[in-house]
Amino acid sequence: MSRIPLRPVIVEAVERLSAAGVGSPRADAELLAAHLLGVERGRLVLVPMVEPEVADRYRALVQQRARRIPLQHLTGVAAMGGIDLAVGPGVFVPRPETELLFAWALAQLETVRHDHAPVVVDLCAGSGALALAVAQARPDALVHAVEVDPAALQWTRRNAEARIAAGDTPITVHAADVTAPDLLTELDGTVDVVLSNPPYIPVGALLEPEVAEHDPHPALFGGPDGLDVIRPMVPAIARLLRSGGATAIEHDDSNAAGVVEAFTADGRFIEIVEHPDLAGRPRFVAATRR
Ligand SMILES: C[S@@+](CC[C@H](N)C(=O)[O-])C[C@H]1O[C@@H](n2cnc3c(N)ncnc32)[C@H](O)[C@@H]1O
């Protein structure tokens, strides 16, 4: 059979995804086509015609996306900083908004004194997105990633191995509960930067099907007010950080004041600052160890 034009097939996909309630139908339709064809999205124009069986495979992918399976589960990748992470069932899909936390960490690392290798801890690491993006950007850093969920840990380790194969400095992956009183005691007082994108959604919040049905629930929910993991993490962070070291925790839109309060109540932090995202929504709180 002769080849057919790709563009009308993509237009049909946009309509289908739009009707299914997908938030960004054009971007998703084009990204799925780019994934299938092995080109970047911006280069789809260079593939004007496809074999009919390619169009069929594309329609099958679009059908899955219309059933609200996350785009990243279909492509198998999500981005953070300068790297791609493998993702799929069992692990939280890294979100673009967490890039702000990553950028904050890089800026913070610029201020670390040059008399030692900077030490970074990523609490609640999931796919390893933050830890591995920091390791890629700062090969001089000693990076630790902590994750408790065995299913998520398989992805952390898989991504960590892939980054070693890509030539990055290896990170240390810890299977541990970030709320445990003895968390990483061997690092007490030595850490320059602690990052965390923990589970923080208040139980009962309304979520899109991609999130509710595909992100693991231990990655999402932080108890009735969203602070169940954050509150016990704060004393551990105070113990881990060296004097002058800094931390930032991503949180729910509704929770900036709660996170500020947790740092303030601990008494060992100064410069406790709320950071909004580009749309002005509260996104993370940063603080410095006295
Ligand atoms: C919102 S996801 C963030 C993952 C990753 N940091 C990112 O930004 O994509 C939160 C992660 O914390 C893990 N987690 C939840 N409770 C934890 C705990 N008490 N100790 C360690 N990890 C935990 C979940 O399994 C999940 O992988």
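Guide: Domain bounds here come from an automatic or database domain assignment. On that basis the protein is divided into domain 1 (4-67) and domain 2 (79-289). Bear in mind that this is a predicted model.

Visitor: How far apart are the C-alpha centres of domain 1 and domain 2?
Guide: They lie 34 Å apart.

Visitor: What does UniProt list for residues 11-76?
Guide: The unreviewed entry lists "domain: Release factor glutamine methyltransferase N-terminal" there. In the model, that stretch is 64% helix and 3% strand. Its end C-alpha atoms are 23 Å apart.

Visitor: Switching topic. Where does UniProt place the "binding site" feature?
Guide: At Asn197, Pro198, Pro199 and Tyr200, again from an unreviewed entry. Pro199 sits in the loop between strand 8 (191-196) and helix 8 (209-214). Tyr200 lies in the loop between strand 8 and helix 8 too.

Visitor: Is Pro199 buried or exposed?
Guide: Buried, because its relative accessible area is 8%, and the cut-off for buried is under 20%. Beyond four places in sequence, Pro199 touches Cys124, Pro218, Ala219, Leu220, Phe221, Gly222, Gly226 and Val229.

Visitor: And Tyr200, buried or exposed?
Guide: Tyr200 is buried, with a relative accessible area of 12%. Leaving out neighbours within four places in sequence, its contacts include Leu220, Gly222, Ile230, His251, Asp252 and Arg283.

Visitor: Which side chain makes a polar contact with the side chain of Tyr200?
Guide: That of Glu250, at 2.7 Å.

Technical notes: Residues are numbered from 1 along each chain as its sequence is written. This is a predicted model: local features need pLDDT of at least 70, side-chain atom pairs count only at pLDDT 80 or more; totals for chains, interfaces and linings use all residues. Side-chain values use heavy atoms; hydrogens and water are left out. UniProt positions are given in the numbering used here, feature names are shortened, and annotations may be inferred rather than shown by experiment. Helices (H or I, at least four residues) and strands (E, at least two) are DSSP runs, numbered from the N terminus. Buried means under 20% relative accessible area, exposed over 50%, partly exposed in between (1.4 Å probe, protein chains only). Contact means heavy atoms within 4.5 Å. A polar contact is a pair of N or O atoms within 3.5 Å; within protein, one must be able to donate a hydrogen and the other to accept it, and residues adjacent in sequence count only if both atoms are side-chain atoms.
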